[in-house]
Amino acid sequence: MLPPTAAINPPIFGPAAALDSLGLVNLLADLEYRLGERFGRDVVLASEQAMSRSRSPFRDLDSLTEYTMELLG
Amino acid sequence: MSDPRIIFVTGSSRGIGLALTNHFLQRGDKVYGCSRGAPALNHPAYRHSELNVSDENAVVAMVRSAVRREGKIDALLNNAGIASMNHALLTPLSSASAIFSTNFFGTFLFCREVAKSMVQQKSGRILNFSTVATPLRLEGESIYAASKAAVESFTEVLARELASTGVTVNAIGPTPVPTDLIKHVPAEKMRALLARQAIPRFGTSADVINVAEFFLSPQSDFVTGQILYLGGVNR
């Protein structure tokens with residue numbers, strides 16, 4: 001059984017995550033589409049800003065949420 | 001009757017792009033086209049975006065609004081391209097950069113954005129545009145040929161990256177077709193080029209449309225990562 005913290009903030013990408021690279025592509029593409037629908041903003045999540053960070057914003061759910069809020073901010 | 005296909009054609013205002021657009025509209029498809037200038041046609045099933053294909057924000061906005069409206073994209077034809085005939089040693093960096101921006105970065109951006117939708121649909125056809133100038137290693141076309149070599153390599157790798165998703169990625173390498181793209185090329189250069197083809201004649205838009213329909217066909221789902229040259233030219 002997963003520890004409670006892992007269940008709340010599951011890893012998205014990396015050795016411990018369930019997603020492979022195509023799974024990540026699908027997740028980000030779907031999220032970009034839904035952000036456009038909900039907020040009317042065409043964001044590109046895999047931007048230079050994201051890729052140049054020392055800690056990937058795609059590593060877990062919390063970091064992705066935080067990064068997405070930042071983009072929409 | 002089945003739903004119309006939703007087809008993206010870049011560089012749809014002139015030459016081969018315009019011929020492809022007219023062909024798809026006549027078949028009953030819906031076409032989303034773009035060019036740097038105004039649309040060359042007015043048709044209820046045609047939507048035009050005035051943009052530079054290397055402008056990331058403009059490409060993202062065009063693709064996403066089409067996906068929101070249609071719910072899918074069936075095919076992308078990355079036809080937009082520019083050429084500049086010049087000796088490599090006499091080519092300004094700005095010319096080289098402009099050619100790569102349109103021919104390669106434009107192709108990359110449209111592939112990236114359209115494929116995001118296609119991957120989710122688990123189907124789609126991408127057709128990129130190369131040229132026989134690349135395998136023929138034409139003198140005076142070094143930057144143009146190099147930009148299309150980049151398109152070929154990108155096509156082959158992207159085809160593998162998307163192979164498990166139902167999306168195919170191929171490229172066509174047309175011979176010279178009498179369009180604006182080659183109007184400044186001297187006649188003797190053009191004759192010498194045609195002589196290097198197995199079938200030494202100009203191509204036509206119909207030759208390109210024929211190959212495009214082959215790659216777009218539902219039966220071509222086992223054909224990906226291929227570069228098909230017209231006129232009997234080989235790598």
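In which hand of crossing does H2(B) pass H3(B)? The crossing of these two helices is right-handed. Keep in mind as you look at it that this is a predicted model.

Two packed helices are described by the angle between their axes and the distance between the axes. For H2(B) and H3(B), the angle is about 25° and the axes lie 10 Å apart. Angles under 35 degrees count as roughly parallel, so H2(B) is roughly parallel to H3(B). On the H2(B) side, the residues making the contact are Glu56(B), Val59(B), Val60(B), Val63(B) and Val67(B). They meet Leu109(B), Phe110(B), Glu113(B), Val114(B) and Ser117(B) of H3(B). Sorted by class, this contact has seven nonpolar, one polar and two charged residues.

Let's stay with H3(B) for a moment. This helix covers residues 93-121, 29 residues in total. From its first C-alpha to its last it reaches 40 Å, close to the 42 Å expected at 1.5 Å a residue. H3(B) also has a bend of about 35°, located at Ser101(B). Just after the helix comes Lys122(B), which takes a positive phi of about 65°.

Now turn to where the two chains meet. Here 10 residues of chain B are in contact with 10 residues of chain A. On the chain B side, H2 (56-70) and H3 are the elements that give two or more residues. H2(B) provides the largest share, five residues. By class, this side of chain B has four nonpolar, three polar and three charged residues.

Over in chain A, have a look at helix H2, residues 21-39. Its 19 residues should span 27 Å at 1.5 Å a residue, and the end C-alpha atoms are 26 Å apart, which agrees. Following H2(A) is Gly40(A), with a positive phi near 65°.

Back in chain B, there is another helix pair to visit: H1 (residues 15-27) and H6 (residues 205-216). They pack at an angle of about 55°, with axes 10 Å apart, and are therefore oblique to each other. H1(B) passes H6(B) in a right-handed crossing. From H1(B), the residues involved are Ile16(B), Ala19(B), Leu20(B) and His23(B), and their partners in H6(B) are Ser205(B), Val208(B), Ile209(B) and Ala212(B). This contact has six nonpolar, two polar and no charged residues.

Terms used. Residues numbered from 1 in each chain as written. Chains lettered and ligands numbered in written order. Predicted model: local features only at pLDDT ≥ 70, side-chain atom pairs only at ≥ 80, totals over all residues. Axes fitted to C-alpha atoms, helices over the stretch in contact; angles between N-to-C directions. Helix = DSSP H or I, 4+ residues; strand = E, 2+ residues; numbered from the N terminus. Parallel < 35°, antiparallel > 145°, perpendicular 65-115°, else oblique. Left-handed = near helix turned anticlockwise from the far one by under 90°. Contact = placed C-beta atoms within 7 Å. Nonpolar A, V, L, I, M, F, W, Y, C, P; charged D, E, K, R; others polar. Expected span 1.5 Å × (residues − 1). Bend = angle between axes of the 7 residues up to and from the residue.
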